[in-house]
Amino acid sequence: MGLRVAVAGGGLGGLCLAQGLRQGGVDVTVYERDDALAVRRQGYRLHLDARAGMALARCLPQELLELFLATCGSPSRRMTVVSEKLKVLHEQSYDQSNDSFAPATLATSADRQTLREILAAGLGERLVFGHELAHYDIDARGVGLQFTNGQQASADVLVGADGVNSAARAQYLPDAVVTDSGGRCIYGKTPLVPEALEVLPEPLEQGFMAVVGGQVGMATGMMRYRQRPDKAAAAIAPSVQLSPAEDYLMWAVSADQRQFTEPVERLAEMTPAELHTVAAGMIRKWHPSLRRLQELADIDETFLVRIRTSTPVAAWSASRVTVLGDAIHAMSPARGSGANTALQDAGVLCRALTDPVPSDDTALLIAIGGYQEQMREYGYAAIAASQQAMAEMGARHNRLLFWLYRNLGH
């Protein structure tokens, strides 16, 4: 019998890993707690770089890689920081000499839901919904999985890709805790309808724009598809069904929790309409164009994110259980590092488990140990970079400007 891998969590990293393992001849099943891919709001526009590019090239079959590239957004030419009155405070142009859509030099944007649908394509029965990991047991035969719905499963290896509240991490690495940074972001999505295009600030035409208004900031970026997802799928991979999508502006009103007028507990319970109203109140004195763009949002697409960060832990011994993505190195939205690092994890772990497929238990533990050694190095470095940016902002006159520039600039 070949190697059997169970992946707890069907986010970007878990699905990418599953595609790569399937390509490598490994028997893999992904167990996702939600009942479908689009049950919860998880984000919109992502900035993806070479870390993601190399992982996707490694793990995806060719037609899915082509579909991903076709549905990416137009690459940014510039990043701009402006005041709440749209005065330009800082500009940074990007090198246009590299191919923005080559895996090794990838520098583009993608829609999270579209990418997730591409990563799930073709998995079929290998992707099981409605299964949230409760706990696991390891014995000589492998790993036994117990789910909160009472179901059970078994595998040779369990990969915890189940996010910041990972049950796999909590059991396996109880000292690897996740802390609340105190930051809160209200995310929104504004369709690029004519009314929005009429008030669109010029810097947004060039790429990402960060807005600074006292102790409140707004990160903004347009998602303009190279090809509409459903049309691209019909042309490139007819067996794949992608949800129709139109171009949009992603925005995120961010601040320390103390800047919000509502208590933290109340914020977490708010409806999208209530969160949209809160965001509007926080930018009520800003430039009319910014207020109008927020006003034109699809209100039902508004949601709150609590920014949490993983605490690095000392190296641990390899076993039949390992972790990837936010389950082990959650971080602030530092230039898209969360998504890029999770996909990087998938590529590195895929290589470890398929190049070649471990032939016995000793080889299996060596492969997992090698992955963990690499993952800890770059994953914890990404966390450290994010924390350093947060620490340094206290030494700057405009703390929020520095935070936006260092953490959200793409």
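Helices (H or I, at least four residues) and strands (E, at least two) are DSSP runs, numbered from the N terminus. The structure is a predicted model, in which local features need pLDDT of at least 70 and side-chain atom pairs count only at pLDDT 80 or more, while totals for chains, interfaces and linings use all residues. Residues are numbered from 1 along each chain as its sequence is written, and side-chain values use heavy atoms, with hydrogens and water left out.

**Mixed sheet**

- An open sheet of 7 strands has the order β5-β4-β13-β14-β15-β12-β16, with mixed pairing; two strands count as paired if DSSP finds at least two bridges between them.
- The edges are formed by β5 (88-93) and β16 (303-310); each has a single partner strand, so one side of each is left without a neighbour in the sheet.
- On average, neighbouring strands of this sheet are turned by 20 degrees against each other, direction ignored; axes are lines fitted to C-alpha atoms, for helices over the stretch in contact, and angles run from 0 to 180 degrees between N-to-C directions.
- Strands β13 (residues 209-213) and β14 (residues 216-223) run antiparallel and are joined by 5 bridges; within this pair, Val211 stands opposite Met218 in β14.
- Helix α10 (residues 272-282) packs on the sheet and touches β12 (178-191), β14, β15 (248-256) and β16, where contact means heavy atoms within 4.5 Å. The direction of α10 makes about 70 degrees with that of β15.
- Helix α11 (residues 288-295) lies across β12, β13 and β15, and runs at about 110 degrees to β15.

**Parallel sheet**

- Strand β2 (residues 27-31) pairs with β7 in the parallel sense over 2 bridges, and Tyr31 stands opposite Val128 in β7.

**Nonpolar cores**

- The largest nonpolar core has 86 residues, and those with the most contacts inside it are Val5, Leu48 and Phe68. Such a core is a set of buried Ala, Val, Leu, Ile, Met, Phe, Trp, Tyr and Cys residues joined through side-chain atoms within 4.5 Å; buried means under 20% relative accessible area, exposed over 50%, and partly exposed in between (1.4 Å probe, protein chains only).
- Helix α14 (residues 361-392) gives the most to this core, with 9 residues.
- Apart from neighbours within four places in sequence, the contacts of Leu48 include Phe68, Leu106, Leu115 and Leu343.
- A second, separate core of 28 residues includes Ala196, Leu200, Met222 and Val253.

- Strands β3 and β6 (residues 108-111) run antiparallel and are joined by 4 bridges, with Leu48 opposite Thr108 in β6.

**Helix α1**

- The 12 residues of α1 (residues 12-23), at 1.5 Å a residue, should span 16 Å, and the end C-alpha atoms are 17 Å apart, which agrees; the expected span is 1.5 Å times one less than the number of residues in the helix.
- Of the 12 residues of α1, 10 are buried, so the helix is largely enclosed by the rest of the structure. Among them are Leu12, Leu15, Cys16 and Gln19.

**Cysteines**

- A search of the whole structure finds 0 disulfides, a disulfide being a pair of cysteine sulfur atoms within 2.5 Å.
- The cysteine sulfur closest to that of Cys350 belongs to Cys59 and is 4.1 Å away, too far for a bond.
- Cys350 is buried, with a relative accessible area of 2%, and Cys185 is buried with a relative accessible area of 2%.

**Backbone and loops**

- Most residues other than glycine have a negative phi, and most peptide bonds are trans.
- Leu86, in the loop between β4 (78-83) and β5, has a positive phi near 70 degrees and is partly exposed, with a relative accessible area of 22%.
- The peptide bond from Asp355 to Pro356 is cis, with omega near -5 degrees; Pro356 lies in the loop between α13 (337-354) and α14.
- Ala140, in the loop between β8 (133-139) and β9 (142-147), is exposed, with a relative accessible area of 78%.
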